[in-house]
Amino acid sequence: MNRKIKKVAVLGSGVMGSRIACHFANIGVEVLLLDIVPRDSSDEAKASPATRNKIVNDALASALKSKPSPIYDKDFAKLISTGNFEDDMSKISSVDWIIEVVVERLDIKKIIFDQVEEYRKPGTLVTSNTSGIPMHMMCKGRSDDFQKHFCGTHFFNPPRYLRLLEIIPGPKTDPAIIEFLMHYGDLYLGKETVLCKDTPAFIANRIGIYAIMSAMHTIEEMGLSVGEVDRLTGPIIGRPKSATFRTMDVVGLDTTVKVANGLYQGAPNDESREKFKLPGIVKEVHDRGWFGDKSKQGYFKKTKDENGKTLILELDFKTYEYGARTRASFKALEAVKDEENLKNRIKTLLNFDDKAGEFYRATFFDAFKYVSNRIPEIADELYRIDQAVCAGFGWELGPFDTWDLLGVQATVEKMEAMDLKPNQWVYDMLEAGNDSFYKIENGIKKSYDIPSKTYKTIPGSDELIILENIRETKKVWGNAGATVFDIGDDVLCLEFHTKMNSMGSEVIEGIETAISMAEKNYKGLVIGNEGPNFSAGANLAMLFMFAGDQEYDEINLVIAQFQNTMKRARFSSIPVVSAPAGLALGGGCELSLHCDGIQAHAETYIGLVEVGVGLIPGGGGTKELTMRAADSYAAGDPELNRLQEAFMNIATAKVATSAEKARAMGILQPSDMITLNRSRLITDAKERVLELYDAGYTQPVERKDIKVQGRTGLALFEAGINGMLFGNYISEHDAKIARKVAYVMCGGDLTYPQNVSEQYLLDLEREAFLSLTAEPKTLERIHSILFKGKPLRN
């Protein structure tokens, strides 16, 4: 069946339901969002549609106001219509997929499914977002067609940002439905779709909550503080910044405890079941009702000092009172403070002989034991456990990947010494001569298959370009800051790997080299990576050094070189496609603006932010937005209004909060494309290169027809800048920067509107940028960023 999803009904508008509705709207699907009718209204008020839909409307409004936003752009909310179960359930007859997201009570879900059975048309998908109620219990008594098209689709909160979507078949689910949802979730919703068995808490929560509760027991035994633990369990080991205790405060300790208690009751045969019992540092806080953000205090508490300054206090486990935050002081952390490579950090930390190393070994090795014992209970394939935990909890490396990193055999020996022996199948794997859970063959990642004792390709991985998998075999050039890969079909990929992928001399050399190589022997070039950020912008340290020494000729050369490199991206003889994801700021944004096409990940946060450090975009960014504003002028159009929109994007250092928002800002053009699934980004960008090449790509010619406004525009901007200055909204230095931006965008002090060339605007841009580097206030801002707020001393 060629199934299409044009309209979805979401039943239940709570935190998850409203945000799932928003995410479907994000991808252009029409959504019907329903909830109950309020019970506390008068009979007269209940007759009013506004009153009858108050719960659902308030929930949606609250979601749309929340931060981070669940929706790419507020305009997308127009795709969501609301209603209630009593008046509007019949409307589900017109939808293609019904998603139940009501309270986690089987009796209530059954009532909802009774109504669904009454109105749904045969063949319509019905899924539940339950986090733990078994599928077979929800299916009981339902029609054959309902059961055939029913399964669990467990989104993680917040659905826009967390990549995991667990798919849980029911007893009679048609395999074709599972196949469809696995594909749809991946391609259209941008999810890591993981097939789960119908077991307690499925995969991610089973492993993730176990890891948290096991760690809690270890923390209590070792006497570690809240601050120490969150330093040990955050980004330093490839976990989210919220680490352990901050995560529980955000999620809600009551939620964590509910899942842990549910697992203790629901998994009586789990050999590690006792770990789900609440240790004192969890039970005491829970009993006091300190659930975290929702109760205004948890493991952390926000307060204010006598001067009104916000303070974050942490809980002392000895007294259960709040005090100053503790700092983690461990030799292991000191040993890895300058190590950028996560894998190297983990190897050092797990083998370090101090309290931190002891904590890591106790928690990691216990997790390794646990996951080995969950196969085949919760999954038949080990890679599904890594996929679920990484996508659901934001880990960079899953447990089996980490075990591989440390060496399976060596780690098993250490686990045995700590009485943490893994499951027998691990020993069988090693005895069969297989010393790892994963292996890379011809750029394709394979996973160990326990029944056959062989390695099998992870489904879908052979369709994707994963740079990490070809790092050793397809590298064709590199330096300390960039690498060029051959990604097949005569296409190259340039990857940055500086800190935050900032753009310095090594990256500039990489761009120039990659384009030259592609022009000689290839069809085109992709610029992208698999890190969290495309590029956070230019390397400010070098600029600060030159500016501090008043080496303005050097700065001029650096800017000119950067501009020329951006022009290489624009005026090369081969198509160049940028593949931004995460942060694409300043120079990273400018590079993307100059490429022939952008294939952006949906979660791309892109903008020209140079004003924030006291500068203007100097790598062609100001020129590009001026040109795009000019190209948007139409007959009778208020041209200065269009130019002002572009000016404000630069002058306020505005950053798009999604790729769709970037399109609304004019950074992405109508021809630019968006990829929902981060894993597909490089693959999609390569396809875009080949499309441009096959369409008969022709090297662009420098524009000389860019309309600028001259003094007419300058007068408008000057009036606005003075108004902001006199109203004390901006400083004198801010006004000076804004005037520089306006001067470039208006083409300088021209007596009347006229056409100019790209190079003309680039020269103005460079002059303005250079003049601002001589400003003491600019130096102070750059110093504050580089040295984290410490004052600049003469």
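Visitor: Which helix holds H594?
Guide: The model discussed here is predicted. In the model, the residue H594 falls within the span 587-594. That span is helix α26.

Visitor: Is H594 buried or exposed?
Guide: The relative accessible area of H594 is 2%. Buried means under 20%. Because 2% is its value, H594 is buried.

Visitor: Which residue's side chain makes a polar contact with the side chain of H594?
Guide: Away from its sequence neighbours up to four places off, H594 touches M566, A569, R570, G619, G620, G621, K623 and E624. A polar contact of 3.0 Å joins the side chain of H594 to that of K623.

Visitor: How are the axes of α1 and α4 oriented, roughly perpendicular or roughly parallel?
Guide: Helix α1 covers residues 15-26 and helix α4 covers residues 54-65; their axes come within 9 Å and cross at roughly 65°. Angles of 65 to 115 degrees count as roughly perpendicular. Therefore α1 is, relative to α4, roughly perpendicular.

Visitor: How many nonpolar residues does the contact of α1 with α4 have?
Guide: The crossing of these two helices, α1 and α4, is right-handed. Helix α1 contributes S18, R19 and C22, while α4 contributes A59, L60, S62, A63 and L64. By class, the contact of α1 with α4 has two polar residues and one charged, and the nonpolar ones number five.

Visitor: How far apart in space are V10 and L33, C-alpha to C-alpha?
Guide: V10 sits in strand β1, residues 7-11, and counts as buried at 0% relative accessibility. Leaving aside residues up to four places away in sequence, V10 touches G17, I20, A21, V31, L32, L33, L34, I99 and V101. V10 and L33 are 23 residues apart in sequence, and their C-alpha separation in space is 4.9 Å.

Visitor: Are α32 and α33 roughly parallel or roughly antiparallel?
Guide: The axes of α32 (residues 732-745) and α33 (residues 758-773) come within 9 Å and cross at roughly 165°. Angles over 145 degrees count as roughly antiparallel. So the arrangement of α32 and α33 is roughly antiparallel.

Visitor: How many charged residues are in the contact of α32 with α33?
Guide: Helix α32 passes α33 in a right-handed crossing. The contact is formed by K736, I737, K740, Y743 and V744 from α32, with L761, L764, E765, A768, S771 and L772 from α33. By class, the contact of α32 with α33 has seven nonpolar residues and one polar, and the number of charged residues is three.

Terms used
Residues numbered from 1 in each chain as written. Predicted model: local features only at pLDDT ≥ 70, side-chain atom pairs only at ≥ 80, totals over all residues. Heavy atoms only, no water. Helix = DSSP H or I, 4+ residues; strand = E, 2+ residues; numbered from the N terminus. Buried < 20%, exposed > 50% of the residue type's maximum accessible area, 1.4 Å probe, protein only. Polar contact = N/O pair within 3.5 Å; in protein donor to acceptor, adjacent residues only side chain to side chain. Contact = heavy atoms within 4.5 Å. Axes fitted to C-alpha atoms, helices over the stretch in contact; angles between N-to-C directions. Parallel < 35°, antiparallel > 145°, perpendicular 65-115°, else oblique. Left-handed = near helix turned anticlockwise from the far one by under 90°. Nonpolar A, V, L, I, M, F, W, Y, C, P; charged D, E, K, R; others polar.
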